[in-house]
Amino acid sequence: MISASNKYNVSTPNQNLLNSACAICTNKRCLINKNVGSAIVANFASQRKQIRCKKGQQFIMEGAPVTGLFFVLEGVVKVLRTGLHGKEQIVRFAKEGEIIGHRGFGTEEFYTISAIAIEDCTLCYFSKESLQEVLHKEPTFTYDLMLFYANELNKSEAKVKSLSQMTVRERVIDTLLYINRKFGLSNGFISIILSRREYADYAGTTEEQVIRVFSALKKENLITTKGKRIGIVHLEQLRKEISEHNFYLDS
């Protein structure tokens, strides 16, 4: 995929700039940034390619051969997979410092998800070969990646539980709380603007159901809306409503 340069705005600066860029990167959640003090990881970082994606651009296609791993440098991405009858299910949202495409590394050689930029994004791309090489050589980096996988597995299991046990209203509330935790507020509203369809695709329901639940929550003065923007009026009351499901602090 990455070789199709006409699809991406790809820049490959010289090695010194790349090492410097990773060393001064402010994304403290990034595994590369955390381990860049290692000479092995620094060499790995020097092989980075920087990719710019426009809003709405897809950079990973479900079922395509695995070529490498993406780290979000700037922007927001939605990660999704196709369910029954071609319906899209949003698995998660990713922001600065987070990894995209990691599930393609394993026994399978194809991406199990798609990834689309929600807003203009800058991504750091590392080839599959360079990643496999550094994992064999640098145990600390490998350990940190293993912990990341374990955490992602916990989140996935919690998501399956919520979809199977929560009512539609509870799933929509859970989605609102997740988006609020992950992206925070701006001027009283959740800082990221998502469509009702995107809320539905994450909550595992329909756009019509999301609109009904939002309308009910607004009448109950639990949320407020302004166009596509949503503000949470009574955060603790919303948390309390789904507390019996062991409110999961996923971010």
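A residue counts as buried when its relative accessible area is under 20%, as exposed when it is over 50%, and as partly exposed in between. Phe44 has a relative accessibility of 1%, so this residue is buried. The structure is a predicted model.

**Confidence**

The protein chain has a mean pLDDT of 84. Of its residues, 86% reach 70 or more. Confidence is highest in helix α8, with a mean of 97. It is lowest in strand β1 (residues 9-11), where the mean is 49.

Residues 1-7 stay under 50 in pLDDT. The model gives this stretch 14 contacts beyond four places in sequence. Residues 11-19 are also below 50. For residues 11-19, the model has 13 contacts beyond near neighbours in sequence. Where pLDDT is low, the predicted coordinates should not be read in detail.

**Aromatic pairs**

A search of the whole structure turns up eleven aromatic pairs. One of them is Phe44 with Phe126. Their ring centres lie 4.5 Å apart, with 25° between the planes. The pair is stacked. Phe44 sits in helix α3 (residues 39-45) and Phe126 in strand β9 (residues 121-127). They are 82 residues apart, so the pair links distant parts of the chain.

Is Phe126 buried or exposed? With a relative accessible area of 1%, Phe126 is buried. Phe126 also pairs with Phe71. Here the centres are 5.6 Å apart and the planes stand at 85°, so this pair is edge-to-face. Phe71 belongs to strand β4 (residues 68-74) and Phe126 to strand β9.

Which residues make up the aromatic cluster? Phe44, Phe71, Phe126 and Phe141 form one cluster.

Lys95 lies over the face of Phe183, at 6.0 Å from the ring centre.

**Salt bridges**

The count of salt bridges comes to twelve. The table covers three of them.

| Salt bridge | Closest N and O atoms | Relative accessibility |
|---|---|---|
| Glu133 and Lys137 | 2.9 Å | Glu133 38%, Lys137 49% |
| Glu220 and Arg169 | 2.8 Å | Glu220 41%, Arg169 23% |
| Arg239 and Glu236 | 3.1 Å | Arg239 27%, Glu236 53% |

Start with Glu133 and Lys137. Both residues are in helix α4 (residues 128-137). They are four residues apart, which means about one helical turn separates them. Glu133 is partly exposed. Lys137 is partly exposed as well.

Arg239 and Glu236 are both in helix α9 (residues 235-241). They lie three residues apart, so again the separation is about one helical turn. Arg239 counts as partly exposed. Glu236, at 53%, is exposed, because the cut-off for that class is over 50%.

The bridge between Glu220 and Arg169 has the closest N and O atoms 2.8 Å apart. Glu220 lies in the loop between α8 (207-219) and β12 (223-226), and Arg169 in helix α6 (residues 168-183), so the bridge ties together parts that are 51 residues apart in sequence. Glu220 is partly exposed. Arg169 is partly exposed too.

Salt bridges also join into a network. Its linked residues are Arg92, Glu98, Glu152 and Lys182.

**Helix α7**

How many of the eight residues of helix α7 (residues 196-203) are buried? Seven are, and the helix is mostly covered. Just after α7 comes Gly204, which takes a positive phi of about 75°.

Terms used: Residues numbered from 1 in each chain as written. Predicted model: local features only at pLDDT ≥ 70, side-chain atom pairs only at ≥ 80, totals over all residues. Heavy atoms only, no water. Phe/Tyr/Trp six-rings, centres within 6.5 Å; stacked < 30°, edge-to-face > 60°. Helix = DSSP H or I, 4+ residues; strand = E, 2+ residues; numbered from the N terminus. Buried < 20%, exposed > 50% of the residue type's maximum accessible area, 1.4 Å probe, protein only. Lys NZ or Arg CZ within 6 Å of the ring centre and 35° of its normal. Salt bridge = Lys/Arg side-chain N within 4 Å of Asp/Glu carboxyl O. pLDDT = per-residue confidence, 0-100. Contact = heavy atoms within 4.5 Å.
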